[in-house]
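Subject: Structure handover and notes

Hello,

Here is the structure for your files. My notes on it follow below.

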Amino acid sequence: QVQVVESGGGMVQAGGSLTVSCTASGSINKIDVMGWYRTAPGKQRELVADIEPDGRTNYAHSVAGRFTISRDNGKNTVSLLMDNVKPEDTAVYYCTFLHAEFVGPARYYWGQGIRVNVSL
């Protein structure tokens with residue numbers, strides 16, 4: 001089995017910085033793309049950023065230039081550094097990654113979600 005553990009998050013003032021991290025563990029074969037989604041109050045889940053195994057990144061327009069996604073392939077971790085946060089970044093953030101299963105097709109795994117609250 002594959003486990004997903006998220007950490008970080010919490011409360012931060014607007015303009016501040018915060019990091020959320022995620023580690024995959026257990027029966028790891030090969031991890032493809034890793035990323036972060038978020039669900040803000042009253043809104044649908046949206047992609048924040050993702051990163052390929054070779055380091056290529058993709059960001060939502062709303063966070064480009066403020067957030068930085070990174071990964072450590074050796075440790076199966078992905079992190080999201082959030083700089084200059086805004087109240088509209090308040091959301092539950094979810095880690096996800098595509099894992100090549102030992103048997104059957106590749107599948108996405110999701111974390112439980114971690115809350116980030118940005119105050120004025």
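Which backbone oxygen lies 3.0 Å from a polar atom of the side chain of Thr90? The backbone oxygen of Pro87 does. Before the rest, the conventions: this is a predicted model, in which local features need pLDDT of at least 70 and side-chain atom pairs count only at pLDDT 80 or more, while totals for chains, interfaces and linings use all residues. Residues are numbered from 1 along each chain as its sequence is written, and side-chain values use heavy atoms, with hydrogens and water left out.

Thr90
Thr90 sits in the loop between β8 and β9 (strands are DSSP runs of E, at least two residues, numbered from the N terminus). Thr90 counts as buried because its relative accessibility is 17% (buried means under 20% relative accessible area, with a 1.4 Å probe and protein chains only). Its side chain also reaches the backbone nitrogen of Val118 at 2.9 Å. Apart from neighbours within four places in sequence, Thr90 is in contact with Ala40, Pro41, Val116, Asn117 and Val118 (contact means heavy atoms within 4.5 Å).

Strand β1
Glu6 lies in strand β1. Glu6 is buried but has no salt bridge (a side-chain nitrogen of Lys or Arg within 4 Å of a carboxyl oxygen of Asp or Glu). The nearest side chain of opposite charge, Arg45, is 8.4 Å away (Lys and Arg count as positive, Asp and Glu as negative; His and the chain ends are not counted). The Glu6 side chain reaches two backbone nitrogens: that of Cys95 at 2.7 Å and that of Gly113 at 2.7 Å. Residues touched by Glu6 include Trp36, Tyr93 and Gln112.

Val4 is found in β1, which spans residues 2-8. Val4 counts as buried because its relative accessibility is 18%. Val4 and Gln112 are 108 residues apart in sequence, yet their C-alpha atoms are 8.0 Å apart in space. Among the residues that Val4 touches are Cys22, Phe97 and Trp110.

Core
The largest nonpolar core has 30 residues, of which Trp36, Leu80, Met82, Tyr93 and Phe97 touch the most other members (a nonpolar core is a set of buried Ala, Val, Leu, Ile, Met, Phe, Trp, Tyr and Cys residues joined through side-chain atoms within 4.5 Å). Elements giving two or more residues to this core include β1, β4 (30-39), β8 (77-82) and β9 (91-100). Met82 touches Phe67, Tyr93 and Val116, among others.

Regards

Technical notes
Helix = DSSP H or I, 4+ residues; strand = E, 2+ residues; numbered from the N terminus. Buried < 20%, exposed > 50% of the residue type's maximum accessible area, 1.4 Å probe, protein only. Polar contact = N/O pair within 3.5 Å; in protein donor to acceptor, adjacent residues only side chain to side chain.
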